[in-house]
Structure formats: C-alpha cells, structure tokens
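Here are my notes for anyone opening this structure for the first time. Have a look at the chain, then work through the points in order.

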Amino acid sequence: MQGDKPRRLVVRDRPDGGTPYHLYGCPSCGGAFFDPPPEARYEEPANADGAVKFYVEQGAGIDVMLAPTAVLDHRPVRRYLEIGCGFGFSLDYAQRARGWIGRGYDPGLLAQTGREALGLDIRPAYFTADTPLDEGAWDAVFCSEVIEHVPEPSAFLATARRALASDGILVLTTPNAAGIVPETDLGALLPLLSAGFHTMLFSAEALRKALLESGFVHVRVEESPHQLQAMASDRPLGDGPPFDRLAYRDYLTGRVGLHEADSPLGAGFRCRLLKEFVNAGEYEAAKTPLAELRQAWVGLYGIDLDDPAAIRFSQPGTLDFDTLAARFPFNLCSVLYMQGMLRINAAGDPAGAALSFGAAAAFAALLRSALQGIGTDDGETADLGAQAPCEQILALARFDPAAAAARYAGLTALPAALRERTRRRLIVALVNAGAYASAESLVEAGDEGLAEPGTDVADRLSLAFVVGMLKLNHRADQQGAAETFHAVYFACRRRLDDPTGRTLLWPARYHEALALSHAGRMSAAQNAATDLLAPAPTGAPEVPSPYRAWAQQILGVR
C-alpha cells in the first residue's frame with residue numbers, strides 16, 4: 001500500500017465513547033488499515049464469561065467456518081494446523097469428522113475454554129516467526145478470521161508457508177474491505193470493522209497480492225459481500241467438493257450426545273442441529289433437539305418455548321450484555337425462529353407460528369442492542385430478526401388476513417428488498433386464504449410480469465398466478481385472467497426444472513381455459529383444454545385427474 005491514503009471513517013471501540021480509530025483506505029488495491037493500530041489483549045477479554053457463553057451458544061457460525069475447508073476433502077490431508085482456532089470447533093471437526101491429526105495455536109480465553117471442553121491440542125500462544133513449527137510437517141493450514149488482527153501480515157503468511165509440506169495448502173478467510181459501505185447492515189458492519197481488534201482489512205486484490213508476494217505459486221481468492229476466502233499452495237489447487245452438510249450433521253449429533261442441553265455448549269450444538277434439520281425439511285428429527293432445549297430452559301431461565309407469548313422481554317437498551325447473559329440463552333432468537341417454521345410447516349399451526357416469530361423478533365432486538373453496547377453485533381441474529389416479523393405476517397395471513405395486511409404496513413424499517421419480497425409472498429398468502437380485498441390492496445403494477453431476470457423465479461410465478469386468480473374471482477375480468485394464466489403457463493413450460501414451474505403448470509392452463517369459457521370464448525377454451533388431455537411434456541408432472549375430467553367434459557370426449 002504505497003502513496004496517499006485517504007481517511008474513510010472514524011470509529012470508536014465503544015458506542016458510548018472509547019478510543020477513536022481512523023480507518024484509511026488504499027485507492028490502488030482497495031484495502032484499508034486502522035491508525036492507531038489496536039493493542040488488543042486476547043488473553044484477557046472484557047465480558048469474559050458472557051463472551052464465551054455467547055460464542056458457543058450463538059456467535060460461532062461453525063458451518064460457515066468449515067465451508068472454506070471443503071477444498072481439503074479431496075486432498076491427502078493427514079496433519080492439520082489451525083492458527084487462531086478460537087474455541088476449536090473447526091479443529092474438533094477435523095479430528096472427529098475427518099480423522100486428521102490436528103493442532104491449534106491461540107492465546108485467547110475462548111481457546112483455553114475450548115481446549116478443556118473439547119479435549120483438543122491447542123497451544124496457548126500467538127503464532128509468530130519464533131513459534132516452534134515442525135517446518136514442512138503440515139498438509140493443511142487454516143486461518144479463519146485471523147490475518148486482519150496481525151500487525152505484520154507479510155511475516156505471518158511467510159511463517160504459515162514454512163509450516164506447510166511441499167504439496168500443502170493454506171486456506172484462510174478474512175473480512176472483505178469492500179463491505180465497508182453505508183448500505184451494509186450494522187449486523188455485518190460492526191463485526192467487519194471490530195474497532196480495537198482489527199488492524200488491516202483486505203480487498204480481494206490486496207489479499208491475492210500478499211499471498212503471491214509471500215511465495216505461493218497458486219493463489220485463488222473468492223469474494224462475497226462481507227468475506228474473502230483464499231487458498232494458496234505451491235501445487236495446483238483444483239476444485240473441491242461442496243461442503244458436506246450430512247457429515248456436519250453427523251458431527252453435531254455426536255457432540256449433542258456428549259454435552260447436556262443445560263450447558264451453553266450443549267445448547268449451542270442442539271440449536272445448530274435444530275437448524276440443520278429444519279432447513280433440510282426433516283421436521284420430525286428436528287423435534288428432538290427442540291424438546292431437549294425446551295426442557296432445559298424451563299429450569300435454567302423460566303422460559304417455556306411452548307408458550308412464547310409468556311416470555312417477558314425488556315425493551316432494547318435496558319439490559320446490558322452481562323445481565324442478558326444471565327437471564328437468557330443467546331440463541332433464543334434462532335430457536336424460536338426454527339420453532340416457528342416447525343409450527344407452520346409441520347404442525348399446521350399458523351397461530352402458534354406467529355407467536356414464535358414475534359418472540360424471535362423481540363429477542364433479536366434485545367440481543368442486538370446489548371451487543372452493540374459492547375461494540376459488536378451478530379449477523380445471523382440481525383438476519384433472523386429482520387425475517388421473523390415477515391414470517392409472522394405470512395402466518396397471520398392464514399387465519400387473520402386483516403391483521404396481516406395491517407401489520408405489513410408497519411414494516412417500514414426493513415431493508416427494501418426484504419419488504420418487497422414479503423409483499424409478494426403476502427399477496428399469495430392472502431389470495432390462498434380467500435382474502436381478495438386485502439390482497440388487492442397490496443397489488444402493484446407489474447406484479448404479473450415474468451420477463452425480469454433474477455433469482456426470484458418462484459416468487460414471480462406464484463405472484464403472477466394469484467394476480468390471475470384475483471382477476472378471475474375478484475375483479476370479474478375473465479379476459480384479463482385468461483391472458484395472465486396463459487403467460488404463466490408458458491413461463492412454467494420454460495421452467496420445468498423449477499419446483500414452482502412444475503407445480504403451477506397445469507393449474508395455470510386449467511384456469512386459462514376456465515376463464516376463457518366464462519368469457520364465452522369456447523373455441524379458445526377448448527384449445528387450451530386440449531393440453532390437459534395430451535401427453536405431458538418431458539419433465540412435467542401428470543395432469544391432475546379433476547382437470548382432465550373437466551377437459552373431457554368441455555371437449556365432449558370420454
């Protein structure tokens with residue numbers, strides 16, 4: 001980083017004051033650094049007990065930490081070194097799930113606690129040029145969110161390279177300096193900056209250059225909005241398999257069997273296992289970790305997950321971090337959110353789901369306020385805290401459409417993209433509930449458009465279909481309904497690889513024919529109905545028998 005460095009911002013290490021840190025940027029490479037450099041002592045963190053509890057219950061994104069190491073699964077790794085291993089979750093996974101011989105270096109309190117709790121070889125020391133290395137002995141070195149803390153990153157990378165075998169690979173992650181923009185949510189921005197702890201923030205180009213200058217021959221840097229993932233080796237890197245979520249689930253299951261639900265570590269493992277089951281749609285399996293947490297938390301905190309409405313939350317800003325740690329499990333938002341998904345998708349209980357989502361949003365606000373009070377935040381809690389009121393509204397739409405529409409009007413603080421997606425999904429939910437007037441009040445011009453590119457194909461198909469239903473059943477616009485269903489039908493034929501395309505294919509064609517018949521255009525209706533009796537296209541589902549019977553009737557065939 002040569003030349004003038006403009007100052008990008010000034011941030012303090014505590015919201016109520018503290019040391020001001022000036023962040024300077026490099027116009028040529030996009031990286032940034034703090035001045036004065038921090039002098040953090042990781043051996044003696046503030047809020048020590050609460051910090052460990054937060055990390056093991058909620059803060060550690062174990063799957064996110066492990067995902068960059070999937071590239072190692074296709075390489076002949078036997079010995080694995082992790083620098084800045086923290087509590088040791090990824091080191092533990094390397095040994096238990098992959099069968100590798102592992103060692104970690106980390107002087108912090110988290111590492112001291114994890115070494116004892118998980119039974120790991122973690123050396124309580126900083127990793128420096130003076131560290132006894134067993135040079136060339138390690139097949140893989142992993143550094144997750146470490147290099148941004150290091151005063152001399154070039155020397156750090158050179159030392160890590162010396163530790164590697166000749167065909168070894170370095171994998172590292174670090175915050176992405178490109179994420180320091182006004183539109184980044186505090187849930188991501190505060191951990192990215194970590195004033196008082198981070199020394200240097202890399203751009204993709206700056207990190208690639210640093211790895212090459214440290215001597216690596218092959219370097220790959222992959223970029224997401226808030227993180228960089230890098231691999232470096234003297235041998236070609238190749239492509240790795242995707243992260244093995246089944247192996248990760250097995251790891252969590254094994255650890256759940258070793259740690260009771262009334263311990264922070266046991267609660268953390270169960271919460272993560274619960275999320276895996278819910279996200280995979282394995283709702284029956286998800287009930288077990290949820291039930292164990294429910295039983296433990298009644299005794300520990302007086303919290304009854306069966307009755308979310310009875311949980312008493314203080315107003316955000318009224319509980320400091322340590323008090324919150326004593327009164328609540330830090331992963332309560334995540335657990336309540338997953339319980340809401342179970343109630344609506346598995347139990348068919350939208351009223352119960354709405355209560356769970358509402359409580360999840362309330363705790364997210366309380367937790368984020370306490371975290372921001374010590375200068376940090378939690379990205380997952382921020383994300384779920386934003387999504388929970390949206391899911392609550394969608395659940396309400398199933399049994400109280402008027403309340404759902406009214407509550408949607410109050411979602412003014414949500415990110416624009418999330419609010420727009422909620423509007424579309426709410427229209428679908430209201431139409432499915434027969435609440436046509438409430439749905440109509442939310443419809444905007446262009447809602448039946450299908451030509452826009454993007455990844456929201458399923459939402460757009462569903463929205464266009466229900467706009468057709470509004471025209472058919474609410475506006476009495478039979479011709480307009482037929483035109484909308486016609487467009488949806490052919491859009492679905494082009495998207496038979498999408499579940500929504502397959503689901504809506506025949507309903508769209510049937511309702512097109514039905515609308516045409518109501519409009520008195522019998523010849524056009526019969527033409528559309530012919531498709532309901534023809535052989536299904538390749539990749540399409542069979543035509544439902546009620547549609548076939550209707551088509552036979554309108555065509556006068558048997």
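1. Let's start at Arg-255. Leaving aside neighbours within four places in sequence, Arg-255 is in contact with Asp-92, Arg-96, Leu-118 and Phe-269, where contact means heavy atoms within 4.5 Å. Arg-255 lies in helix 8, residues 245-256. For the naming, helices (H or I, at least four residues) and strands (E, at least two) are DSSP runs, numbered from the N terminus. A polar atom of the Arg-255 side chain lies 3.3 Å from the backbone oxygen of Leu-118. Arg-255 counts as buried because its relative accessibility is 5%; buried means under 20% relative accessible area, exposed over 50%, and partly exposed in between, with a 1.4 Å probe and protein chains only.

2. A word on what you're looking at. This is a predicted model, in which local features need pLDDT of at least 70 and side-chain atom pairs count only at pLDDT 80 or more, while totals for chains, interfaces and linings use all residues. Residues are numbered from 1 along each chain as its sequence is written, and side-chain values use heavy atoms, with hydrogens and water left out.

3. Seven strands make an open sheet with mixed pairing, in the order 6-5-4-7-8-11-10. Its edges are strand 6 (122-123) and strand 10 (218-223), each of which pairs on one side only. Two strands pair if DSSP finds at least two bridges between them.

4. Strand 7 (residues 138-144) runs parallel to strand 8 (residues 164-175), and six bridges join them; Trp-138 has Leu-164 as its bridge partner in strand 8. Strand 7 also pairs in the parallel sense with strand 4 (residues 79-83), over four bridges, and here Ile-83 is partnered by Cys-143. How many of the residues of strand 7 are buried? Seven of its seven are, leaving the strand mostly covered.

5. Follow the chain onwards from there. Strand 7, helix 5 (residues 153-163) and strand 8 make a right-handed β-α-β unit. Right-handed means that, with the strands pointing away from the viewer, the path from the first strand over the helix to the second runs clockwise. In the loop between strand 7 and helix 5 you'll find Glu-145, which has a positive phi of about 55 degrees although it is not a glycine. Glu-145 has a relative accessible area of 28%, so it is partly exposed.

6. The charged end of Arg-79 is placed over the ring of Trp-138, 4.1 Å from its centre. Arg-161 lies over the face of Phe-216, at 5.5 Å from the ring centre.

7. On to the aromatics. Rings of Phe, Tyr and Trp (its six-membered ring) pair if their centres lie within 6.5 Å; planes under 30 degrees apart count as stacked, over 60 as edge-to-face and the rest as tilted. By this rule there are 23 aromatic pairs. Phe-321 and Phe-330 form a stacked one, at 5.3 Å centre to centre with 20 degrees between the planes. Tyr-337 and Phe-357 are edge-to-face, at 5.3 Å and 65 degrees. That pair links distant parts of the chain, with Tyr-337 in helix 12 (residues 332-345) and Phe-357 in helix 13 (residues 350-372), 20 residues apart. Elsewhere, Tyr-55, Phe-87, Phe-89, Tyr-93, Tyr-251 and Phe-269 form one aromatic cluster.

8. Tyr-337 also turns up beside Gln-387. Not counting residues up to four places away in sequence, Gln-387 touches Tyr-337 and Leu-418. Gln-387 lies in helix 14 (residues 379-396), and its side chain has a polar contact of 2.8 Å with that of Asp-383. A polar contact is a pair of N or O atoms within 3.5 Å; within protein, one must be able to donate a hydrogen and the other to accept it, and residues adjacent in sequence count only if both atoms are side-chain atoms.

9. Last, two backbone details to check. The peptide bond from Asp-35 to Pro-36 is cis, with omega near 5 degrees; Pro-36 is in the loop between strand 3 (32-35) and helix 1 (48-59). Ala-476, in the loop between helix 18 (457-473) and helix 19 (478-493), has a positive phi near 55 degrees. Ala-476 counts as exposed because its relative accessibility is 57%.

Methods:
A charge sits over a ring if NZ of Lys or CZ of Arg is within 6 Å of the ring centre and within 35 degrees of the ring normal.
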